[in-house]
Amino acid sequence: MGSSIGANIKRERERLGWSQARLGREVCRAAGVQGEPVGRQEVSRWETGKRTPREWLPFLAAALGVPMEVLTTPQAPSEPTLPTLADFLPIEDPLAPLGGRTRGRLGMAQVNDVQQRVHGLRLADDFLAGGDLLRPALRELRRVICMHREHSYSNATGRQLLIQLAELAQIVGWIASDAGCREEAERVYRLGLGAAAQAEDGTLAGNLAGSLAYQLSNAGREVEGLHLALAALEEAGLDAPPKARALYLDRVAWAYTKAGGSENAQHALRALGEAGEALAKESKGTESPAWLYWVNAGELQVMESRVYTELHRPLRAVPVLRKVLGEYDATHAREMALYLSWLAVAYADANEPEEAAATAERVISLSADVASDRTAQRVRVMLTRLAEYAEVPEVRALLHQAT
């Protein structure tokens, strides 16, 4: 019965287009209770069948505008639906404020300071690898979590603090993933996803979900990564800022590519086309969140070339990669090494082992002093691909040097 009620609650909530947090507030309003004893986490427990609403059922029905029988009557089995973003939120709330909250009251000045520090960390990631940034990044995240849990603040200030915490979690998760700490990265991404959901910032939640989907797709969890990438795109909707929608479609394209199969390959190429169309709608008057500063036509071309390389279509991949790399800022050593690694593999697929070896040598040189697990992984992939041409002198010399 509990699972049936949960499915019915979720169906009716989604019919209204409400978030779990919104439903919690409406239930409290219908019950006439002060505060918010029913929050997003409690609604999530009801929907997943971990708890049964019991005494809250009449107020749930009133909030949703349906008779109680609609919530208690099991529905006929239907086709399984894809997960929504709410299905990936953490059940427990690691951000729940402490009871005492004795550390004083925060204002927007302190939140603005957090915003500046988050932006500084994001810019540092453009030049430094995850291994160099992980410790200070995690310290900063713990500091902001303590601010949120231990201080008091107005509702408006609390929402802005949650948004900054979610932005910080996204960049810290990215740094942890780059450092090879994937379990830590996943915990941080999910924490940030919960913060963005509480702040009801769907665009930011989509960025966190897409970042985690990207990691899952690259770590052998392709189906889960694809479902999460699609959920992020669905949650963002057609009204998301053009840059955000382009980014989410790029991640969907990659998730389809990693999932494999000819049908998924077609879906990936379609998503790439839609990403370009979304970005084309960006104009001077369009307002996008500051964290989307790096999304541009060049980045979409990089993903396009990576998809073509993964699909073993080097004639499409090589020209795009060469164009992008010719315009890329050489001070970004990690990204330069990553993009060159894709070019090396594409050359190998095009039966150009000498060019592949020369490009691979540049990758190894660039990544030698970069503390990035991603570049280390790409070097391994690249050398494995080149091993097929071990009889070619240039390749043989490179493989010997790398061992």
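How many salt bridges does the structure hold? There are 26. This tour visits three of them, then a helix pair. Keep in mind that the model is predicted.

**Stop 1: a pair inside one helix**

Select helix α3, residues 40-47. Show the side chains of arginine 45 and glutamate 42. They meet in a salt bridge, with N to O at 3.1 Å. The two residues lie 3 apart in α3, so about one helical turn separates them. Are these residues buried or exposed? Arginine 45 has a relative accessible area of 12%, and buried means under 20%, so arginine 45 is buried. Glutamate 42 is at 15% and also counts as buried.

**Stop 2: a pair across the chain**

Next, select arginine 334 and aspartate 178. Their side chains form a salt bridge of 2.8 Å, N to O. This pair links distant parts of the chain. Arginine 334 sits in helix α16, residues 333-349, while aspartate 178 belongs to helix α8, residues 155-178. They are 156 residues apart. Arginine 334 is buried, at 5% relative accessible area. Aspartate 178 is buried too, at 0%.

**Stop 3: from α18 to α16**

Now pick arginine 385 and aspartate 349. They form a salt bridge, and their closest N and O atoms are 2.8 Å apart. Here too the pair joins distant parts of the chain: arginine 385 lies in helix α18 and aspartate 349 in helix α16, 36 residues apart.

**Stop 4: two packed helices**

Finally, color α17, residues 353-367, and α18, residues 373-386. Two packed helices are described by the angle between their axes and the distance between those axes. For α17 and α18, the angle is about 155° and the axes are 11 Å apart. An angle over 145 degrees counts as roughly antiparallel, so α17 and α18 are roughly antiparallel to each other. The crossing of α17 past α18 is left-handed.

Which residues of α17 and α18 make the contact? Show these side by side:

- From α17: Ala356, Ala357, Ala360, Val363, Ile364 and Ser367.
- From α18: Thr375, Val379, Met382, Leu383 and Leu386.

Color the contact residues by type.

Definitions and conventions:
Residues are numbered from 1 along each chain as its sequence is written. This is a predicted model: local features need pLDDT of at least 70, side-chain atom pairs count only at pLDDT 80 or more; totals for chains, interfaces and linings use all residues. Side-chain values use heavy atoms; hydrogens and water are left out. Axes are lines fitted to C-alpha atoms, for helices over the stretch in contact, and angles run from 0 to 180 degrees between N-to-C directions. Helices (H or I, at least four residues) and strands (E, at least two) are DSSP runs, numbered from the N terminus. Angles under 35 degrees count as roughly parallel, over 145 as roughly antiparallel, 65 to 115 as roughly perpendicular and the rest as oblique. A crossing is left-handed if the near helix is turned anticlockwise from the far one by less than a right angle, and right-handed if clockwise. Contact means heavy atoms within 4.5 Å. A salt bridge is a side-chain nitrogen of Lys or Arg within 4 Å of a carboxyl oxygen of Asp or Glu. Buried means under 20% relative accessible area, exposed over 50%, partly exposed in between (1.4 Å probe, protein chains only).
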